[in-house]
Amino acid sequence: MSAPTDPAQDQPDGPPDASPASDGLSRRAVLGLGGGLAVAGAAAGFGVGRLTAPEPAPAVAAGSRTYPFTGTHQAGIVTPAQDRLYLAAFDVTATSRDDLVALLQRWTTIAARLTQGLSAGPYGPASGPYDAPPDDTGEAADLPPAGLTITFGFGRSLFVGGDGADRFGLADRLPGGLVDLPHFPADNLDPARTGGDLVVQACADDPQIAVHAIRNLSRAAFGAATIRWTQLGYGRTSSTSTAQKTPRNLFGFKDGTANVKAEETASLDEHVWVPASAAAADATDSAWLTGGCYLVARRIRMRIETWDRTSLREQEDLVGRNKGEGAPLSGGTEFTEPNFGTTGRADQPLIATNSHVRLAHPDFNSGVRMLRRGYNFTDGNDSLGRLDAGLFFLAFVTDPRTHYIPMQNQLSKSDGLMEYLEHTGSGLFAVPPGVAAGSFVLGADGTPLTTRHSPYVGQALFT
Amino acid sequence: MTRSTVGALALAALVLPLAAGCVSNSPTPSGDGTSGAPGVLSVSSTADACDVSAATAPSGTITFQVKNDGSDVTEFYLLGEDGLRVISEVENVGPGISRDLVVQARPGKYFTACKPGMVGDGIRAAFTVTDSGTEVGPTGDTADQLKTAETQYVAYVKDQVGALIAGTKEFAAAYKAGDDDKARELYAPTRAHWERIEPVAESFGDLDPLTDAREADLEDGQTWSGWHYIEKDLWQPTADKNGGKDYTPLTQAEREKAADDLVGYTQQLVDQVNKPDFTFEAFQIANGAKALLDEVANGKVTGEEEIWSHTDLWDFQANVDGARVGYEGLADVVEAENPDLAAELEQRFTEIDALLAEQGSIETGFTSYDKLSKDQVKALATAVDALSEPLSQLTTTVTGA
């Protein structure tokens, strides 16, 4: 949607590790989605005067960054966490498998377009038949792509209905990890913020870009799926790359210091991606999820008013790190490994046995780690005049049965921080692998188009 | 509370903002006439050194920014002239960690000491606090008052626990005998004794969850016991309030076990608080008072504690009672250290008690929580916040004394 006036936006500007390119429009249009290059402005009506890239690329403004939509894995998982989130869970209203597939085709095409800075449809917000509504809602026109990623997942209820019904002939494809999450101690889940057949995570550095994505995808879903709940997030609470500084949650503490990072490829294979062996262990045919992962979403309200009147001593004791630097209380700096054996006065451990850092640490969780990608949220206030604020916890894991449920049971039962936390929403989704590069059906303008032959996220589930 | 006290507090409330205004408008006093540079000093603690950035500081608020530059856990002390009396301290500072020691110091001679490895007498140096002209509270004169507060609070806890076990036995007997009306009548007033001292019970590990867990607090498959287990059986929910499932009343055998377990756990609490080594320190009383208000803010004001019986206001009043008793024991110290805080706390306690009195009392019964209007709940929550905020200053005021 970028206007073609700024030469900076004419340049491909993927993540630092994306392949550089300085090709003109024709090459970009063909390769753009296949090769993960930016095609901002390449849609009909946007490409005029951009057949060549005459000057060397100036430094890319952060807002005009794009990430490839295609790849082995979906984007928006190991992608350096953007600052903003809009996540939507959908209930599928379609009853036929064909309608469901058609929805996924529409969504995949739109996502491929939006993430590359294109409009949702080929005409864009201000062109096309005059007596038809525009094929893009328009609020992202003139804005740069802002690093938008769109990630899709499937909930258990897509496979098995509430009454056990096999809604779309997928029951025998249900992966073993897509369980009903148990009730965790002190859970106070709102059914209206829990579950969903499908999930769409849109992340961007500009909230309007993320909202624009969900809005256009929701529009494309009418008649096939309807929004069940959504969550806006700001101030990413995790870093997913070593290049990112550790951000802070609404308790004021650094969050995600020990997160699995994009650069740790061996750890990603061990803790995030679903291995081929998982399908072999399943009673069902779940090979379609190989290379995918699971998304755990938990809306965790923080009782920030009572937290704020808690002494610094108690705050640090409960977390197990100091507030200023994020160093473990056993000593060192932020990235020093906690030493749970270090004791202080009366031989008590410096990192308390009920502290969050201890109970969440791999040493006390059979070595498991998670890739967290959470965000802060503030959804107005409650009737008591308190902020309805907290942490929207998002974690991508290889299997929630080993990598989430045991740890959450332990935290919910014993974590001292629980006094200040309340889980109010929940979702678990299987996130299929990515769409293959070069598989899109392209229109006359060289941009992706939805046809009966278009590829889609999770295609292996339906074939 | 007598009428005359209420009147005096109302007057204090009127006077307070004016007094506070005067204080904040005065220039920062400075003994040597230089501009009020804050008394901020850095301390570097290593295996063999305790480097304090200056050996002298003006009286008033002094901040030691202690950095552990060594490889052992360290402590930092400000000691009196005799080298024995601890004026203040920070402990458990891990290697590489920084922590502030903020102390109100009167003019005089002191010692600073780092204790790397937390053994021995530490690495000491003489330290002088010069007279800045700032008035500093009566540091050191409060030991007896704190001691008295600690003794009184232990007596209060034993008294409440004594009443609790007596009431619990009566309640359990009625419930076992199938006299549900009597059990329902005894439920809330008996629990008040528990709620007044709840943080004490919480300090005994599993006793709190065994006695007071709500259904939502349980892990999948965990056995439920205690007050709320019986509450649900006495105020049996309809299916739509029970996750869509019909509630199955407890059998007589289950009733008897539930009642006996409750008495048993309560007896364990009685035994714990009557051990000779059961003591309370002033900071624990102060933290406990704040914790009681947190209980109100998190559970009672939202109506989540007594989800079947809706007797939350009994718990609410009892939590406030317990916090007030904790505060009142320390009130003389607070009065001396920070009279404004003392006045504000008196006022806020009075306000919240007045608000609760509109809905009844523990003796005569309260309004059922589900019958309160949204505005009434909001007013209660606002009063809790108004009291909790100054109450959160209690610990630092008492430990700084």
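Mentor: The model is predicted, and the pair in question is helix α9 (residues 312-337) of chain B with helix α10 (residues 339-357) of chain B, which pack at an angle of about 160° with their axes 10 Å apart. Because an angle over 145 degrees counts as roughly antiparallel, α9(B) and α10(B) are roughly antiparallel to each other, and α9(B) passes α10(B) in a left-handed crossing. On the α9(B) side the contact includes B:Leu313, B:Phe316, B:Val320, B:Arg324 and B:Tyr327, while α10(B) contributes, among others, B:Leu345, B:Phe349, B:Ile352 and B:Asp353. By class, this contact has 13 nonpolar, 1 polar and 3 charged residues.

Turning to the contact between chains, 28 residues of chain B are in contact with 28 residues of chain A. On the side of chain B that touches chain A, β6 (86-93), α8 (282-300) and α11 (374-391) each supply at least two residues, and the largest share, 8 residues, comes from α11(B). The residues of that side divide into 10 nonpolar, 9 polar and 9 charged.

As for the cores, the largest nonpolar core has 127 residues, of which A:Ala210, A:Tyr294 and A:Phe396 touch the most other members, and helix α2 (residues 97-115) of chain A gives the largest share of this core, 9 residues. A second, separate core of 66 residues includes B:Ala188, B:Tyr265, B:Ala297 and B:Trp314.

Technical notes:
Residues numbered from 1 in each chain as written. Chains lettered and ligands numbered in written order. Predicted model: local features only at pLDDT ≥ 70, side-chain atom pairs only at ≥ 80, totals over all residues. Axes fitted to C-alpha atoms, helices over the stretch in contact; angles between N-to-C directions. Helix = DSSP H or I, 4+ residues; strand = E, 2+ residues; numbered from the N terminus. Parallel < 35°, antiparallel > 145°, perpendicular 65-115°, else oblique. Left-handed = near helix turned anticlockwise from the far one by under 90°. Contact = placed C-beta atoms within 7 Å. Nonpolar A, V, L, I, M, F, W, Y, C, P; charged D, E, K, R; others polar. Core = buried A, V, L, I, M, F, W, Y, C linked by C-beta atoms within 7 Å. Buried ≥ 20, exposed ≤ 12 C-beta atoms within 10 Å, placed from the backbone.
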